[in-house]
Amino acid sequence: MVKVYESAVISAPVADVWQVAGDYAGIYDWHPAVKATKIEAGPASDQVGSIRSCTLENGAQLLETQTARSDAEHTYSYAITESPMPMKNYEGTVCLRPVTDGDATFIEWSATFDPEPGAEADVSGMMRDRKSTRLNSSHTDISRMPSSA
């Protein structure tokens, strides 16, 4: 099993960042590798069980199911159920916490998955690169959100 973790501090209040990062249907707004998303029939995007179809910039398609969610705690978890990437048992979590020194947000992303035999280094590196890019993009895009204060 591979474990990946990334974090960043965003110069915006946690409630404002959650409006963007907590929008399960809107990941394309802040993840540079995701070109489009669609919520499949079933639970709404703010509900456990919601299934999002992601189209990546390279045209690849992913299906992800939201497995846990707490708007009060600013966190959600999801599992990739269909992917062209050589991996299985993918589980990821996005978690936001307020930074107590100033009006900022600490955002974390973590994931675990099992790469297919022989693809360990490729898949692990690809996931780290994509998520690092995602959080760096989040820092520049989400931090420009107007403060709710």
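Mentor: Helices (H or I, at least four residues) and strands (E, at least two) are DSSP runs, numbered from the N terminus. In that numbering Asp-16 is found in helix 1, and the protein chain has two helices and seven strands, which run β-α-β-β-β-β-β-β-α from the N terminus on. The model is predicted, so local features need pLDDT of at least 70 and side-chain atom pairs count only at pLDDT 80 or more, while totals for chains, interfaces and linings use all residues. Residues are numbered from 1 along each chain as its sequence is written, and side-chain values use heavy atoms, with hydrogens and water left out.

Trainee: What does the protein chain average in pLDDT, and what share of the residues score at least 70?

Mentor: The average pLDDT, the predictor's confidence in each residue from 0 to 100, is 84 for the protein chain, and 81% of the residues score at least 70. Over residues 143-149 pLDDT stays under 50, and for that stretch the model has 13 contacts (heavy atoms within 4.5 Å) beyond four places in sequence.

Trainee: Why is Asp-16 called buried?

Mentor: Buried means under 20% relative accessible area, exposed over 50% and partly exposed in between, with a 1.4 Å probe and protein chains only. The relative accessible area of Asp-16 is 3%, so Asp-16 counts as buried. Of the 149 residues of the protein chain, 45% count as buried.

Trainee: What makes strand 5 mostly covered, and how do you know which strands it pairs with?

Mentor: Six of the eight residues of strand 5 are buried. As for pairing, DSSP has to find at least two bridges between two strands. Strand 4 and strand 5 have seven bridges in the antiparallel sense, so they pair, and strand 5 and strand 6, antiparallel with six bridges, therefore pair as well. Thr-65 has Ala-79 in strand 5 as its bridge partner, and Tyr-78 has Gly-92 in strand 6. Strands 4 and 5 form a hairpin with four residues between them, where His-74 in the turn has a positive phi of about 55°; strands 5 and 6 are likewise joined by a hairpin, through four residues.

Trainee: Which residues does Gln-66 contact, leaving aside its neighbours within four places in sequence?

Mentor: Gln-66, in strand 4 (residues 61-70), is in contact with residues including Tyr-24, Asp-46, Val-48, Tyr-76 and Tyr-78. At a relative accessible area of 1%, Gln-66 is buried.

Trainee: Which residues touch the most other members of the largest nonpolar core?

Mentor: A nonpolar core is a set of buried Ala, Val, Leu, Ile, Met, Phe, Trp, Tyr and Cys residues joined through side-chain atoms within 4.5 Å. The largest one has 31 residues, and those touching the most other members are Tyr-76, Met-87, Tyr-90, Leu-96, Ile-107, Trp-109 and Phe-113. Among the elements that give two or more residues to this core are helix 1 (14-21), strand 5 (75-82), strand 6 (87-99) and strand 7 (104-115).

Trainee: How many aromatic pairs does a search of the whole structure find, and why is the pair of Trp-18 and Tyr-76 called tilted?

Mentor: The search finds five. Rings of Phe, Tyr and Trp (its six-membered ring) pair if their centres lie within 6.5 Å, and planes under 30 degrees apart count as stacked, over 60 as edge-to-face and the rest as tilted. The ring centres of Trp-18 and Tyr-76 are 6.3 Å apart, so they pair, and their planes stand at 55°, so the pair is tilted. The pair links helix 1, which holds Trp-18, to strand 5, which holds Tyr-76, 58 residues apart. Trp-18 is buried at 10% relative accessibility, and Tyr-76 is buried at 1%.

Trainee: What makes the pair of Tyr-90 and Phe-113 stacked?

Mentor: The angle between their planes is 20°, with 6.1 Å centre to centre, so the pair counts as stacked. Because Tyr-90 lies in strand 6 and Phe-113 in strand 7, the pair ties together parts that are 23 residues apart in sequence. Tyr-90 is buried with a relative accessible area of 3%, and Phe-113 is buried at 1%. Trp-18, Tyr-24, Tyr-76, Tyr-78, Tyr-90 and Phe-113 form one aromatic cluster.

Trainee: How do you know that the charged end of Arg-52 sits over the ring of Tyr-24?

Mentor: The label requires NZ of Lys or CZ of Arg within 6 Å of the ring centre and within 35 degrees of the ring normal. The charged end of Arg-52 sits over the ring of Tyr-24 at 3.9 Å from its centre, and over the ring of Tyr-78 at 5.3 Å from its centre.
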